[in-house]
Amino acid sequence: MIGMMREPEEITLIEKAKKGDEGAFNGLFEREQKYLYNLMLQLTGDVAAADDLTQDAFVKAYRKLSSFRLEASFRTWLTKIAINLFRNEHRKKARHNTLNLDDYPIPDNGDQPECLIIRSELQFCILHTLQFHVSKKYREVLVLRDLHNMSYKEISQILGWSMSRTKTCLHRARLIFRGQFVGSRCKAFTDDYLCICEGILSL
Amino acid sequence: MNCSEAKAFFSEHLDGTLSKKSRAAMRRHLESCPNCRADCESIMKSLKILKKLKEVDAPRDYRTAASKKKNGKR
């Protein structure tokens, strides 16, 4: 995880990329593409939208890199670009997605089939809750903090919020997630999971 | 620290970002208040579940696509 601390290697890559070094661009993008695609997938719940947004964010980053002043890490800067694209897309299309379990690829860890099914359903249930029960504002802060370990400061920079608003919204987002995950129709599923000796957590 | 103050700081408590003084006050409150303790634990449990969302591989290599688009190639 690349945090606020910029690694010397990253600074070197950015400086080279700004001078037009294709290899340096590739190096920077390679480190971030899996992260960015997952972030967009978690925010949109839609594989096609996540794919489009990830590509658009990289194209925009490619074009704007010369204006990047290293005031934040490359990841923070790139995430800010991607989140703005996500917000614009959300405003334009107001997508009403229906999540499809088959569309969401589950990493194959060589599980037994029954474990794979439970794990797959859990992924679906979490995405469902994020997508349909947590509003965009709260989803953004929750995903950045709890799925990508961004610091409060990084989140403030990315979302353009004060530190105090970030903390308040994160807390609210967690309460909403808990309330919806436990209180929504996912409750039975959660209860099942928790009563298998928290088997869910070891999958 | 009372219950409403404690509730406002649950997130920071779980993230370990409270000051030393607030952390000690929170610990004392949670030890003496079963309702807040249960509330805080349930948030922690739901976050533990959220974090079970696995990362997937990106479906393609975006470096080439970005480079082509940037250079105006189709």
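User: How many aromatic pairs does a search of the whole structure find over all chains?

Analyst: This is a predicted model, and the values given here are computed from its atoms. When the whole structure is searched, over all chains, the number of aromatic pairs found is 9.

User: Is the pair formed by A:Phe25 and A:Tyr62 stacked or edge-to-face?

Analyst: The ring centres of A:Phe25 and A:Tyr62 lie 4.1 Å apart, and their planes meet at 15 degrees. Planes under 30 degrees apart fall in one class and those over 60 in another, so with its 15 degrees the pair of A:Phe25 and A:Tyr62 is stacked.

User: Which helices hold A:Phe25 and A:Tyr62, and how many residues apart in sequence are the parts that the pair ties together?

Analyst: A:Phe25 belongs to helix α2 (residues 22-44) of chain A, whereas A:Tyr62 belongs to helix α3 (residues 47-64) of chain A. A:Phe25 is buried at 6% relative accessibility, and A:Tyr62 is likewise buried, with a relative accessible area of 3%.

User: What is the class of the aromatic pair formed by A:Phe74 and A:Trp77?

Analyst: A:Phe74 and A:Trp77 are 3 residues apart in helix α4 of chain A, which means that about one helical turn separates them. A:Phe74 counts as buried at 1% relative accessibility, and A:Trp77 is buried with a relative accessible area of 12%. Their rings are 5.8 Å apart from centre to centre, with 40 degrees between the planes, and the pair is classed as tilted.

User: Which residue of chain B belongs to the aromatic cluster that includes A:Phe25 and A:Trp77?

Analyst: From chain A, this one aromatic cluster takes in A:Phe25, A:Phe29, A:Phe58, A:Tyr62, A:Phe68, A:Phe74 and A:Trp77. The member that comes from chain B is B:Tyr62.

User: Over the ring of which residue does the charged end of A:Arg75 sit?

Analyst: The distance from the charged end of A:Arg75 to the centre of the ring is 3.8 Å, which lies within the 6 Å that is required for a charge to sit over a ring. The ring in question is that of A:Tyr35.

User: Which residues of α3(B) are buried, and what arc do they cover around the axis?

Analyst: The buried residues of α3(B) are B:Ala25, B:Met26, B:His29 and B:Leu30. They lie on the same side of α3(B), because the arc that they cover around the axis is only 130 degrees.

User: Which exposed residues are carried by the face of α3(B) turned away from its buried side?

Analyst: The buried residues of α3(B) are covered by elements that include α1 (3-8), α2 (10-15) and α4 (34-50) of chain B. On the face turned away from that buried side, the exposed residues are B:Lys20, B:Lys21, B:Arg28, B:Glu31 and B:Ser32.

User: With which residues is B:His29 in contact, leaving aside its neighbours within four places in sequence?

Analyst: B:His29 has its place in helix α3 of chain B, and at 8% relative accessibility B:His29 counts as buried. With neighbours within four places in sequence left aside, the contacts of B:His29 are B:Met1, B:Asn2, B:Cys3, B:Ala6 and B:Cys36.

Definitions and conventions
Residues numbered from 1 in each chain as written. Chains lettered and ligands numbered in written order. Predicted model: local features only at pLDDT ≥ 70, side-chain atom pairs only at ≥ 80, totals over all residues. Heavy atoms only, no water. Buried < 20%, exposed > 50% of the residue type's maximum accessible area, 1.4 Å probe, protein only. Helix = DSSP H or I, 4+ residues; strand = E, 2+ residues; numbered from the N terminus. Arc of directions from axis to C-beta. Contact = heavy atoms within 4.5 Å. Phe/Tyr/Trp six-rings, centres within 6.5 Å; stacked < 30°, edge-to-face > 60°. Lys NZ or Arg CZ within 6 Å of the ring centre and 35° of its normal.
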